[in-house]
Amino acid sequence: MDKSSVNWSGAIPALVTPFDANGAIDERGFVENIQVCIANGVGALVPSGCTGEFWALTSAERVRLFQLTVEAAGGRVPVIASTGAVTTQEVIALSTAARDLGCDGIMVLPPFFVRPTADDLVAHYQAISDAVKLPMMLYNIPNTGNPLSPELVARLAEIDTVVAIKESSLDFVNLYRTMRLVGDQLHVFCGPATLYGVPALLMGAPGIIDTIPNYWGSGAVAMFRAATTGDLPSARALQAEALALKDMLNAKGRNQYAAIKALMNILGLPGGQPRLPLRSLTPQQVEELAADAAAIGLPVRTRRAAAE
């Protein structure tokens, strides 16, 4: 396999997982968000990723999200299940379940907390590839403590089922060096689309995989299309808007994940609530966020969070 084996491209949401006030998954809200994303024109769906609070989900819950996503997508867009975990055995189990449910691929971040060597990581991904035999996207994100350097990605690109990488190092130079080293073999997607999605697309990234299509779906799709069709004035303006949205979410001491969900609720979308240890924004914080959203022209039409 290589990047020609898959048709992954576009503005792709790392789907949120809405929870109710008791911490249960709001399945109806999850499916509703998928339908909204598809209607907005996204290119694929990624359930159970960082935005989906995978660290707060049981393995059974993650598999349930894979099932709901495949059923809701109905073959209209690819489903790339985020199956990263600390142990190789758990990744294989989650990835096998994703494959058997009909997912089109898997996205696997490196183990976190533990510090494997480069050779350990190559063996980890090789074992997943051998066991699952489904197109695999690597996921480079600083939170793991185990970065996938461009040189390590070049080694991983030789593994048969590795066809893509989501590059979320927050370092455009790192993304570009990865493109230079493996761009002929792998699709190199941009993770921090709010920071430099347009520059990445102009340099040849096939798409963006980020939180923003959950709460700014039409804008994220428009940004992708403007950049890839050569409408640079529109692309620049949309990139500036995306950055303003990110800055707003992270302002005033807000937790990013809780703020994303609160913003979705403010916009009438099914954001729900986060799961502990992340707490929902306070009523005052929600009021401030709603005022900030209205001030930059977002269509505020507040929706109650699930079972609030």
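Biologist: Does Tyr215 count as buried or exposed?

Modeller: The model is predicted, and every value here is computed from it. Tyr215 is placed in helix 8. Burial requires a relative accessible area under 20%. Because the relative accessibility of Tyr215 is 7%, Tyr215 counts as buried.

Biologist: Which residues does Tyr215 touch, not counting residues up to four places away in sequence?

Modeller: Contact is taken as heavy atoms within 4.5 Å. Leaving out residues up to four places away in sequence, Tyr215 touches Thr194, Leu245, Leu249, Ile260, Leu263, Met264, Leu267 and Leu269.

Biologist: Which residues of the largest nonpolar core touch the most other members?

Modeller: This core holds 86 residues. Its largest share, 7 residues, is contributed by helix 11. Apart from it lies another core of 19 residues, among them Phe54, Ile80, Tyr139 and Phe189. In the core of 86, the residues that touch the most other members are Leu45, Leu138, Tyr215, Trp216, Met223 and Leu263.

Biologist: Does Arg254 count as buried or exposed?

Modeller: Arg254 is located in the loop between helix 10 and helix 11. Since its relative accessibility is 6%, Arg254 counts as buried.

Biologist: The backbone oxygen of which residue lies 2.6 Å from a polar atom of the side chain of Arg254?

Modeller: The backbone oxygen at 2.6 Å from a polar atom of the Arg254 side chain belongs to Met248.

Biologist: Why is strand 4 described as largely enclosed by the rest of the structure?

Modeller: Both faces of strand 4 are covered. Met136, Leu138 and Asn140 are buried on one side, and Met137 and Tyr139 are buried on the other. In a regular strand the side chains alternate between the two faces of the sheet. Strand 4 is largely enclosed because the buried residues number 5 of the 5.

Biologist: In which sense do strand 3 and strand 4 pair?

Modeller: Met107 stands opposite Met137 in strand 4. From strand 3 the chain crosses through helix 4 (residues 118-132) to strand 4, in a right-handed β-α-β crossover. Over 3 bridges, strand 3 and strand 4 pair in the parallel sense.

Biologist: Which residue in strand 5 is the bridge partner of Met136?

Modeller: Strand 4 and strand 5 (residues 162-167) pair in the parallel sense over 5 bridges. Together with helix 5 (residues 150-156), these strands make a right-handed β-α-β unit. The strand 5 bridge partner of Met136 is Val162.

Biologist: How many Å does helix 9 reach from its first C-alpha to its last?

Modeller: Helix 9 spans residues 217-229 and has 13 residues. Gly230, which follows it, has a positive phi near 85°.

Biologist: What covers the buried residues of helix 9?

Modeller: The buried residues of this helix are Gly217, Gly219, Ala220, Val221, Met223, Phe224, Ala226 and Ala227. An α-helix has 3.6 residues a turn, so residues three or four places apart point the same way. The cover over the buried residues of helix 9 includes strand 1, helix 1, helix 7, strand 7, helix 8 and helix 10.

Technical notes
Residues numbered from 1 in each chain as written. Predicted model: local features only at pLDDT ≥ 70, side-chain atom pairs only at ≥ 80, totals over all residues. Heavy atoms only, no water. Helix = DSSP H or I, 4+ residues; strand = E, 2+ residues; numbered from the N terminus. Expected span 1.5 Å × (residues − 1). Buried < 20%, exposed > 50% of the residue type's maximum accessible area, 1.4 Å probe, protein only. Polar contact = N/O pair within 3.5 Å; in protein donor to acceptor, adjacent residues only side chain to side chain. Pairing = 2+ DSSP bridges. Right-handed = clockwise from strand over helix to strand, strands pointing away. Core = buried A, V, L, I, M, F, W, Y, C linked by side-chain atoms within 4.5 Å.
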